[in-house]
Amino acid sequence: MNEYLLPVIEHKEIAPDIFSLYLKGNLKNYEPGQFVQVEVSESLEPFLRRPISICEIDKKGIRLVYRTKGRGTKLLANKLASRDQNNYGKTYLRIFGPLGHGFPIIGNKATLIGGGIGVPPLLGLAKKMWQQGMKITALLGFNTKENAILIDEFKNYAEVLIATLDGSLGHRGLVTELITDNATPVYACGPEALLRALERFNLTGYYSLERRMACGIGVCLGCNITVLTKDKKELRQRVCYDGPVFPLGFVKWGEAGD
Ligand SMILES: Cc1cc2nc3c(=O)[nH]c(=O)nc-3n(C[C@H](O)[C@H](O)[C@H](O)COP(=O)(O)OP(=O)(O)OC[C@H]3O[C@@H](n4cnc5c(N)ncnc54)[C@H](O)[C@@H]3O)c2cc1C
Ligand code: FES
């Protein structure tokens, strides 16, 4: 991992409150599922950097897709939106990474299951799997058609099935209702309710967790969760350092919440 100060070359709102951000540069040894810590403000306030997954890295640069949630991400979006787009190459963002462990890729087929703002890191994964000749199905769930993101990009690499809660695009209902008997192995990222729901299916694979983070490098223990080993022993793990990707069924959810 390294710290980089990189020029912003694109910042676009791709859905309400969701932004696609391109930084000029590359990250050596990036694995899909890893994240970076983003400095949202040049001042000391807010002090903590915000963890954002790497959506993909291509010839253009490093792509992050983020939703404005609270103070930090709103500051970032406002700062970048206030810049003249023609001057983007002169606006810089400091990031630290790549951090954590990405998704282990196994076998020759995979089902990617994404919910909402959990969808972006699965795009880089789909691309890597496609480059390896794997057969990929992507099940993507959103609240409404308006919130649906990255669908055309996924279609370059995977068979894509969509679910929206209000039925405005694809299947009406939950993304888990699209899971078939031969979905294993699955690679999931999304809200905790989705990750927990996957454990009710007879599936193996991996899910990526989100926790509030401070250091992002395994030092402060702020993102600790309890996991269960194969012999049902409890173990404390750091989401930023040991994860954020864990094997499905590994997390002891009752104690894992913020
Ligand atoms: C591995 C990982 C990958 C992620 N990838 C993405 C992504 O690709 N796209 C995306 O949109 N979002 C992603 N997120 C979520 C994103 O990090 C949060 O939405 C973002 O940090 C919110 O910051 P905020 O300042 O806008 O919100 P706020 O809710 O105002 O602030 C949240 C942050 O403030 C700090 N904080 C606030 N209160 C506390 C507290 N009580 N204890 C400790 N710390 C506190 C923490 O740093 C916390 O992360 C990811 C999160 C993780 C962990
Ligand atoms: S954020 Fe500090 S140990 Fe994970």
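**Briefing: ligand shell, helices, backbone features and domains**

Pro 244 is placed in the loop between β15 (234-238) and β16 (245-247); helices (H or I, at least four residues) and strands (E, at least two) are DSSP runs, numbered from the N terminus. The peptide bond from Gly 243 to Pro 244 is cis, with omega near 5°. This is a predicted model, in which local features need pLDDT of at least 70, side-chain atom pairs count only at pLDDT 80 or more, and totals for chains, interfaces and linings use all residues. Residues are numbered from 1 along each chain as its sequence is written, while chains are lettered from A and ligands numbered from 1 in the order in which they are written.

**Backbone features**

- Most residues other than glycine have a negative phi, and most peptide bonds are trans.
- Asp 17 has a positive phi near 65° although it is not glycine, and it lies in the loop between β1 (2-15) and β2.
- Asp 17 counts as partly exposed because it has 14 C-beta neighbours inside 10 Å; a residue is buried if 20 or more other C-beta atoms, placed from the backbone, lie within 10 Å of its own, exposed if 12 or fewer, and partly exposed in between.
- Lys 232, also not a glycine, has a positive phi of about 65°; its place is the loop between β14 (224-228) and β15.
- Lys 232 is exposed, because 6 other C-beta atoms lie within 10 Å.

**Ligand 1**

- The shell around ligand 1 holds 22 residues, of which the closest are Ser 53, Tyr 66, Gly 70, Gly 72 and Thr 73; a residue is near the ligand if its C-beta atom, placed from the backbone, lies within 6 Å of it.
- β4 (50-53), β6 (62-67) and α1 (71-81) are the elements that give two or more residues to this shell, and β4 provides the largest share, four residues.
- By class, the shell has eleven nonpolar, four polar and seven charged residues; Ala, Val, Leu, Ile, Met, Phe, Trp, Tyr, Cys and Pro count as nonpolar, Asp, Glu, Lys and Arg as charged, and the others, Gly among them, as polar.

- Gly 72, Leu 76 and Ala 77 are the buried residues of α1.
- These residues line one face of α1, because they fall within an arc of 130° when seen down its axis; the arc is that of the directions from the helix axis to the C-beta atoms.
- Asn 78 and Ala 81, on the other side of α1, are exposed.
- In α2, nine of the twelve residues are buried, so the helix is mostly covered.

**Domains**

- The domain assignment gives domain 1 (2-99), domain 2 (104-208) and domain 3 (212-258); such bounds come from an automatic or database assignment.
- The C-alpha centres of domain 2 and domain 3 lie 22 Å apart.
- Their contact takes ten residues from domain 2 and seven residues from domain 3, two residues being in contact if their C-beta atoms, placed from the backbone, lie within 7 Å.
- On the side of domain 2 that touches domain 3, α4 (192-198) and β13 (205-208) each supply at least two residues, and β13 gives the most, with four residues.
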